[in-house]
Amino acid sequence: AVDNKPSNTNATNANTNVGKSTAAAPTKDALLALDKQANEAWIKGDSKFFEGFLSDRFVSNDMGRRGNKCEVKTWSLDEPQMVSIDADTAILTYKGTFDGSCTGPDGKAMKIPSPIRAASVFVRNGDKWQGVFHGETLILDPKAPPPPPPPAPEKKDEAKKEEAKPTGDANTEALVKLHQSGWEAWKAKDAKKFEEMSASSLSIVDPGGTWVGTKADTIKHWTDMKCEGVTTVKVSDG
């Protein structure tokens with residue numbers, strides 16, 4: 001959602017592996033149809049579908065349910081919104097509603113988080129659009145307290161094993177610095193800084209699952225937040 005590219009001429013472009021642009025221009029309905037197919041494949045345990053649907057660079061933050069055994073009674077994906085980053089990159093957001101449960105890290109059944117606001121990034125690869133990122137945020141009722149987080153998986157042999165740490169490069173370091181300056185602007189309620197560092201198509205899904213669709217509304221959303229006592233902000237592990 002932020003338009004800031006490092007000046008390094010050898011910087012890796014996110015579309016390095018994207019083939020000749022032959023796929024039709026995306027629409028929000030067409031991309032939503034792809035994510036519906038992905039949900040159907042997830043429910044059926046159809047791993048073959050994802051071999052062609054996902055980019056080699058795919059990563060996700062899906063609230064821990066995709067890798068577990070799940071039983072889904074009903075589900076729906078609604079309220080699609082799309083932002084085109086360029087001819088080969090598009091972002092889709094939508095509301096997902098699920099009735100079902102998944103096996104949690106402790107082996108017990110846990111209710112699927114619902115409703116959620118999802119964000120999927122698609123890249124053009126030859127004659128198809130492939131998923132390169134998917135994230136989900138629980139839509140919170142502002143009048144109700146948030147549900148407790150799911151239990152963390154048990155860590156074994158912590159003394160012998162170290163957490164895998166990401167390896168950095170010029171692009172990653174530039175984006176970490178960019179997000180750090182964004183958080184500093186948020187702490188200072190600096191709308192001018194946000195104007196300078198944000199693309200005209202800026203939109204967000206906030207931590208409560210609310211979609212904010214324009215640059216002006218996003219900056220207002222960030223600078224009007226009723227947060228006090230924030231003395232430091234830090235972005236790490238990019």
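Colleague: Is Cys70 buried or exposed?

Modeller: In this model, which is predicted, Cys70 has a relative accessible area of 18%. The cut-off for calling a residue buried is under 20%. Cys70 falls under that cut-off, so the word for Cys70 is buried.

Colleague: Which residue forms a disulfide with Cys70?

Modeller: A search of the whole structure finds one disulfide. In that link the sulfur atoms are 1.9 Å apart, and the link is right-handed, with 105 degrees about the S-S bond. The residue joined to Cys70 is Cys102.

Colleague: How many residues apart in sequence are the parts that this pair ties together?

Modeller: Cys70 belongs to strand E2, whereas Cys102 belongs to strand E3. Cys102 is buried, because its relative accessibility is 4%.

Colleague: Is Cys227 buried, partly exposed or exposed?

Modeller: The relative accessibility of Cys227 is 36%. Buried would need a value under 20%, and exposed a value over 50%. The value for Cys227 lies in between, so Cys227 counts as partly exposed.

Colleague: What pattern does the chain follow along the sequence?

Modeller: The chain holds five helices and eight strands. Of its 238 residues, 32% are buried. Written with α and β, the order along the sequence is α-α-β-β-β-β-β-β-α-α-β-β-α.

Colleague: How many residues of strand E5 are buried?

Modeller: Strand E5 covers residues 116-125. It is mostly covered, and of its 10 residues the number buried is nine.

Colleague: Which residue stands opposite Val121?

Modeller: Strand E5 has partners to consider. Eight bridges join E5 to strand E3 (residues 89-103), and these two run antiparallel; in that pairing Gly96 stands opposite Ile116. Another 10 bridges join E5 to strand E6 (residues 128-138), again antiparallel. Within E6, the residue opposite Val121 is Phe133.

Colleague: Which residue in the turn between E5 and E6 has a positive phi?

Modeller: E5 and E6 form a hairpin, with two residues between the strands. A positive phi of about 65 degrees is found in the turn at Gly126.

Colleague: Which element supplies the largest share of the largest nonpolar core?

Modeller: This core has 21 residues, and Leu31, Trp42, Leu92, Tyr94, Phe98, Ile112 and Phe122 touch the most other members. Helix H1 (28-44), strand E2 (70-86), E3, E5 and E6 each give at least two residues to this core. The largest share is five residues, and the element supplying it is E3.

Colleague: How many residues does the second core have?

Modeller: The second core is separate, and Leu178, Met197, Ile204 and Val212 are among its members. Its size in residues is 11.

Colleague: Which helices do the buried residues of H3 pack against?

Modeller: Helix H3 (residues 170-188) has 19 residues and spans 27 Å from its first C-alpha to its last, close to the 27 Å expected. Its buried residues are Asn171, Leu178, Gln180, Ser181, Gly182, Ala185 and Trp186. They pack against helix H4 (191-197) and H5.

Colleague: Which residues does Thr218 touch, leaving aside those up to four places away in sequence?

Modeller: Thr218 lies in helix H5 (residues 215-223). Because its relative accessibility is 0%, Thr218 counts as buried. Beyond four places in sequence, the residues it touches are Leu202, Ser203, Ile204 and Val212.

Colleague: How far apart in space are Ala191 and Trp222, C-alpha to C-alpha?

Modeller: Ala191 lies in helix H4 and is partly exposed, at 32% relative accessibility. Leaving aside neighbours within four places in sequence, Ala191 is in contact with Ile219 and Thr223. Ala191 and Trp222 are 31 residues apart in sequence, and their C-alpha separation in space is 8.5 Å.

Colleague: What share of the accessible surface belongs to carbon and sulfur atoms?

Modeller: The accessible surface of the chain comes to about 15,300 Å². The share that belongs to carbon and sulfur atoms is 51%.

Methods
Residues numbered from 1 in each chain as written. Predicted model: local features only at pLDDT ≥ 70, side-chain atom pairs only at ≥ 80, totals over all residues. Heavy atoms only, no water. Buried < 20%, exposed > 50% of the residue type's maximum accessible area, 1.4 Å probe, protein only. Helix = DSSP H or I, 4+ residues; strand = E, 2+ residues; numbered from the N terminus. Pairing = 2+ DSSP bridges. Contact = heavy atoms within 4.5 Å. Core = buried A, V, L, I, M, F, W, Y, C linked by side-chain atoms within 4.5 Å. Disulfide = S-S within 2.5 Å. Areas by Shrake-Rupley, 256 points an atom, 1.4 Å probe, with all protein chains shown as cover. Expected span 1.5 Å × (residues − 1).
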